[in-house]
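Hi,

Here is the structure I promised to pass on.

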Amino acid sequence: MVQEKPIIDLKKISVIFDTKNGDFLAVDRVSLEVAAGEFICLLGPSGCGKSTVLNAIAGFEPYIGTISVLGNPVFGPGPERGMVFQQPNLFPWRTVRGNISHGPRMRGKSKEEVNQITDDLMGMVGLTNFSKSYPHMLSGGMQQRVALARALANEPKMLLMDEPFGALDAQTRSIMQEHLLSIWTRLNTTIVFVTHDVEEAIFLADRVFIMTASPGRIKSNFSVDLDRPRDMKTLNSQTFLKLRQHCLEEIREESARAFSQQGIA
Amino acid sequence: MFIWELAARAEGSNMVLFPPPTLVVEGMARWIESGDFVIDLWTSVRRVVVGFLLGSSVGVIMGVLTGRVQLISSFLSPVFHILRPIPPIAFIPIVILWFGLSETGKLFLIFWGVYFMVWISTHLAVQNVDKGLIRAAQALGTPEHLMLKEVIFFGALPVIFVGLRTSVGISFYTLVAAELAGTVAGVFFRIDIAQQNLQTGQVLGGLLVLGTMSFAADRAFSALAKKLVWWR
């Protein structure tokens with residue numbers, strides 16, 4: 001019965017931004033549940049509030065409503081929620097090793113443990129040979145791999161990822177997606193992944209939540225019944241194409257509505 | 001140099017007001033020979049170094065405090081903002097009243113000039129550390145009391161160093177002001193004396209020494225900054 005409980009549980013959460021033009025409802029009564037081990041994607045156009053929902057779960061954004069993670073209400077950030085941002089946000093003054101070991105060091109692990117964890121993760125993301133490099137010496141893809149390893153070093157119960165591959169070129173992005181799936185399978189962790197890329201969402205997720213803009217709401221959600229492990233061939237399967245078509249229609253409808261609203265305003 | 005020499009010695013030019021390079025060299029030689037040069041240089045360098053170190057260390061500490069602690073900032077920042085734009089040279093009369101012609105007064109002036117520059121740049125640097133880095137550190141479980149040492153300090157360091165480097169120049173400006181306020185040795189003091197004796201060669205020589213000191217200090221500091229902000 002314990003397993004039935006969602007690991008992340010959002011009940012009617014709203015986020016209001018205080019802007020120059022008055023209050024702005026960024027997120028409007030969003031509810032969603034994520035089961036342990038699940039990979040979900042929040043999909044929507046830019047400005048729809050999907051990152052804001054993620055930031056609320058991460059504990060960076062004050063919200064109205066209830067968010068519980070592992071059964072506890074969220075009041076602020078915590079190491080059980082690993083975070084990967086669109087910008088790698090690596091500490092530029094630390095080496096790859098120094099960045100990855102930051103979390104365990106901060107949480108008072110012994111030197112041996114810190115080294116063990118760091119070595120393992122550098123191997124997992126394939127950066128063992130770059131342990132002494134500084135972030136500015138690495139490519140965007142490598143930086144994002146360091147950021148992923150750094151988040152995983154705390155052995156988090158879940159990963160919150162905010163368009164982590166958005167700034168990468170298409171080739172690197174597709175390699176990173178497969179890489180992420182293999183790490184997710186190996187570690188059996190839970191992932192909430194924010195993206196505006198329809199194909200990325202379907203390729204990665206067990207379930208996709210489509211969000212709409214102003215105010216940010218969840219319009220619909222669907223399960224992705226694609227076999228795992230998924231690879232390049234998955235992208236050409238009938239199921240994938242059908243889901244993609246479905247998604248595009250839903251989003252298009254939304255974009256058209258937003259567009260006409262802007263026209264009137 | 002040759003043209004300068006010719007022009008200065010030409011018919012109609014005044015060698016006292018506009019001395020040729022040979023007279024500058026001669027003035028320098030006399031200065032060095034008399035033993036005054038070493039004393040003057042040492043006195044001025046010591047004033048700049050001590051004043052800079054005091055001003056910058058107190059400036060960094062206060063900048064971190066006002067940048068991090070809102071309560072302290074509410075009390076002190078308005079005071080600092082009022083005092084900051086007053087040119088250090090304007091304090092000479094009060095400094096003479098407070099400290100007489102002592103060395104403390106000279107150091108106070110340099111301290112004053114350096115302090116506000118370093119304070120404001122540290123204050124702003126600390127407040128403008130990349131939010132992304134702070135969020136990343138929070139998400140990684142960095143405890144609040146380690147945030148300053150682990151993230152804020154390094155994140156602010158590049159901007160703090162811009163302020164410190166500017167202050168190296170400021171400490172030389174204020175040195176001149178300080179040595180106007182009654183002293184018995186120093187590079188600018190010597191320039192002032194030479195001017196009263198119409199030893200224009202030595203005046204120009206002194207200016208060159210002042211320029212060289214300031215230039216060397218700036219270069220040395222910039223090399224140091226490259227080492228201490230190693231990731232840039």
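Below is what I found, chain by chain and then across the contact.

Housekeeping first: this is a predicted model, so to speak of a local feature I needed pLDDT of at least 70, side-chain atom pairs count only at pLDDT 80 or more, and totals for chains, interfaces and linings use all residues. Residues are numbered from 1 along each chain as its sequence is written, while chains are lettered from A and ligands numbered from 1 in the order in which they are written.

**Chain A**

Chain A has 8 helices and 10 strands (these are DSSP runs numbered from the N terminus, H or I of at least four residues for helices and E of at least two for strands). Its radius of gyration is 19 Å, close to the 18 Å from the globule rule for 265 residues, so chain A is as compact as a globular protein of that length. That radius is taken over C-alpha atoms, and the rule is 2.2 Å times the number of residues to the power 0.38. Along the principal axes, the C-alpha atoms of chain A fill a box of roughly 60 × 45 × 45 Å.

One is an open sheet of 6 strands with mixed pairing, in the order β6-β7-β8-β3-β9-β10 of chain A; two strands count as paired if DSSP finds at least two bridges between them. Its edge strands are β6 (81-84) and β10 (217-223) of chain A, each pairing on one side only. From one strand to the next the twist averages 20°. (For angles, axes are lines fitted to C-alpha atoms, for helices over the stretch in contact, and values run from 0 to 180 degrees between N-to-C directions.)

Inside that sheet, β3 (residues 39-43) and β9 (residues 207-212) of chain A run parallel and are joined by 4 bridges. A:Cys41 has A:Val208 in β9(A) as its bridge partner. Helix α5 (residues 140-152) of chain A packs on the sheet and touches β6 and β7 (158-162) of chain A, with its direction at about 170° to that of β6(A). "Touching" here means contact, that is, C-beta atoms placed from the backbone that lie within 7 Å.

The other sheet is open too, with 4 strands in the order β2-β1-β4-β5 of chain A and antiparallel pairing. Its edges are β2 (22-34) and β5 (72-73) of chain A. Strand β4 (residues 64-69) of chain A is joined to β5(A) by 2 bridges, and the two run antiparallel. A:Ser68 stands opposite A:Pro73 in β5(A).

Which residue sits in the loop between β4 and β5 of chain A? A:Leu70 does, and A:Leu70 has a positive phi of about 55° although it is not a glycine. Another backbone detail to check is the cis peptide bond between A:Arg228 and A:Pro229, with omega about -5°. A:Pro229 lies in the loop between β10 and α8 (238-264) of chain A.

**Chain B**

Chain B has 10 helices and 0 strands. A compact globule of 232 residues would have a radius of gyration near 17 Å, but chain B comes out at 22 Å. The C-alpha trace of chain B spans about 75 × 40 × 30 Å along its principal axes.

Two helix pairs made it into my notes. The axes of α6 (residues 103-127) and α8 of chain B come within 8 Å and cross at roughly 155°. That makes α6(B) roughly antiparallel to α8(B) (angles under 35 degrees count as roughly parallel, over 145 as roughly antiparallel, 65 to 115 as roughly perpendicular and the rest as oblique). The residues of this contact divide into 19 nonpolar, 8 polar and 1 charged.

In the second pair, the axes of α3 (residues 36-68) and α9 (residues 187-196) of chain B come within 7 Å and cross at roughly 130°. α3(B) and α9(B) are therefore oblique to each other. B:Asp36, B:Asp40, B:Leu41 and B:Ser44 of α3(B) make the contact with B:Val187, B:Phe189 and B:Arg190 of α9(B). These residues divide into 3 nonpolar, 1 polar and 3 charged.

**Where the chains meet**

The contact takes 21 residues from chain A and 13 residues from chain B. On the chain B side, α7 (131-139) and α8 (144-180) each supply at least two residues, and α7(B) gives the most, with 6 residues. That side of chain B divides into 8 nonpolar, 4 polar and 1 charged.

Cheers

Key. Two residues are in contact if their C-beta atoms, placed from the backbone, lie within 7 Å. Ala, Val, Leu, Ile, Met, Phe, Trp, Tyr, Cys and Pro count as nonpolar, Asp, Glu, Lys and Arg as charged, and the others, Gly among them, as polar.
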